[in-house]
Number of protein chains: 2
Amino acid sequence: MLINGKPETSVSADDRGIQYGDGLFETLAVRDGRPCLWHYHLERLHNGCQRLNIPLPNESLLYDELIREIGEQSQGVVKVIVTRGPGGRGYRPPQESSATRIIRWSESPNYPEANYQQGIVTRLCSTRLGWNPALAGIKHLNRLEQVLARSEWSDPSIQEGLMMDSSGYVVEGTMSNLFVVQNGRLMTPDLSRCGVAGIMQGVVLRVAEALAIPVIVDNVTLHDLWNADALFVTNSLIGLWPVRELSGQAFDVSVIPRELISRVMLQAYAHALS
Amino acid sequence: MLINGKPETSVSADDRGIQYGDGLFETLAVRDGRPCLWHYHLERLHNGCQRLNIPLPNESLLYDELIREIGEQSQGVVKVIVTRGPGGRGYRPPQESSATRIIRWSESPNYPEANYQQGIVTRLCSTRLGWNPALAGIKHLNRLEQVLARSEWSDPSIQEGLMMDSSGYVVEGTMSNLFVVQNGRLMTPDLSRCGVAGIMQGVVLRVAEALAIPVIVDNVTLHDLWNADALFVTNSLIGLWPVRELSGQAFDVSVIPRELISRVMLQAYAHALS
């Protein structure tokens, strides 16, 4: 682990990351010793820093630290946390803050191949996402909603839970974005009120455009789910997983265009885009 | 600063407090070397631990650590943070977690006497509170909404900002609870969807009952604010501040019953209740 460029394992207890969850993070797949889709992750981190008014760490410094932390490892995960840093009495951010950078390597999760081929089993979570346009889209450190939602089940045969917002619209998975396939079109939830704008969600949108598959970004209802031809979820580590079951209802994973899946998986681990 | 009972200043960067804001806190006034209203703070912390399924630290251990951290100091502030502790891959809490305790002394904020006598100037924040019944009431570490709201102004003549929820109901101040006085009654926002159930808010409710002042806990609208006879805010450090101005509209602080204020201020710093 590198903290502000130094090999350390702890941060100041004064850090606003721990005091208020005042910061952002990115989780990147590593292939052939390189972080995948780095520029997209950096763009979202940059956007998050602007929204929270946290000074963005120097980009090349951050990239160098990623490479140092990856070291001789070839395949795995690297997580970047950027907080507003220490200090400030109460909620008000200090006038001059100096961001804390935490960069940490971890092993590949080694997801079963069946998740990709046969699809995954999902459930609906009862924990809802609150609306907050000021925080929507960015990957900030206030993640109790996801922690509570992921605490709802322990059955290892269920790989993901889908979450609704306080109005009952379906927004995302606890750790993934959601796509609905119907009548040859894709639909994915509007994330302007809550949810995280996933890097892999962005990849799917671009691949779909290249393949001339129509995509609708809008409110998604439970009715949309139950009437879907197929569902799939995406994130930076998994790439794309078809959904074969949601709360007991089966879905036909073969409906998802093969070409879409293969192109998304190819780009998921691309350095050309990094 | 004491971390898990030891005089340290840093926590593991793996701690779920920094990873996800996965924890709770309490901020207590200290008078005559003792934490005020300790049992009420402990009760809320206990409630928060139950809601988040975090093991509550041993109560007498926690109190002993508070007393150790206060040491020879007579008057000031002591803050307690309890996180779910280190570990767990992703959002799912580890099956056996061991909570982290961070206890930290700080000096008294020394609020101006005028805040108590003449009242404070307040504004309406544009940052809204999202609805989340699963997190409402407890004092958890996901505080970006408050950080953003408190970032909206830097004018030192404004002491507090009031926040609405995503439906436009008025919920609380960035660091305080809100009371509306009208026709001899008190009204305070319903906190079942968002907001923090303040210890001092509880004191006001009990004092009002003792004084036979009727209190309504319900949705509070902007209309209720503009038509109020008086407003005041409360928290554990300030006790009670009358509001003399909200976004340019003046309020008559003398409308707030003197007996209510004096009894609340007396209880705010009581050890008899600790």
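Analyst: Let's go through the contact between the chains, and then look inside chain A. This is a predicted model, so to speak: local features need pLDDT of at least 70, side-chain atom pairs count only at pLDDT 80 or more, and totals for chains, interfaces and linings use all residues. Residues are numbered from 1 along each chain as its sequence is written, while chains are lettered from A and ligands numbered from 1 in the order in which they are written.

The contact takes 41 residues from chain A and 41 residues from chain B; two residues are in contact if their C-beta atoms, placed from the backbone, lie within 7 Å. On the chain B side, β3 (10-12), α1 (16-20) and α5 (144-150) each give at least two residues. Helices (H or I, at least four residues) and strands (E, at least two) are DSSP runs, numbered from the N terminus. The largest share of that side, six residues, is from α5(B).

Now for the strands: β3 (residues 10-12) of chain A runs antiparallel to β3(B), with three bridges joining them. Two strands pair if DSSP finds at least two bridges between them. Ser10(A) has Ser12(B) as its bridge partner in β3(B).
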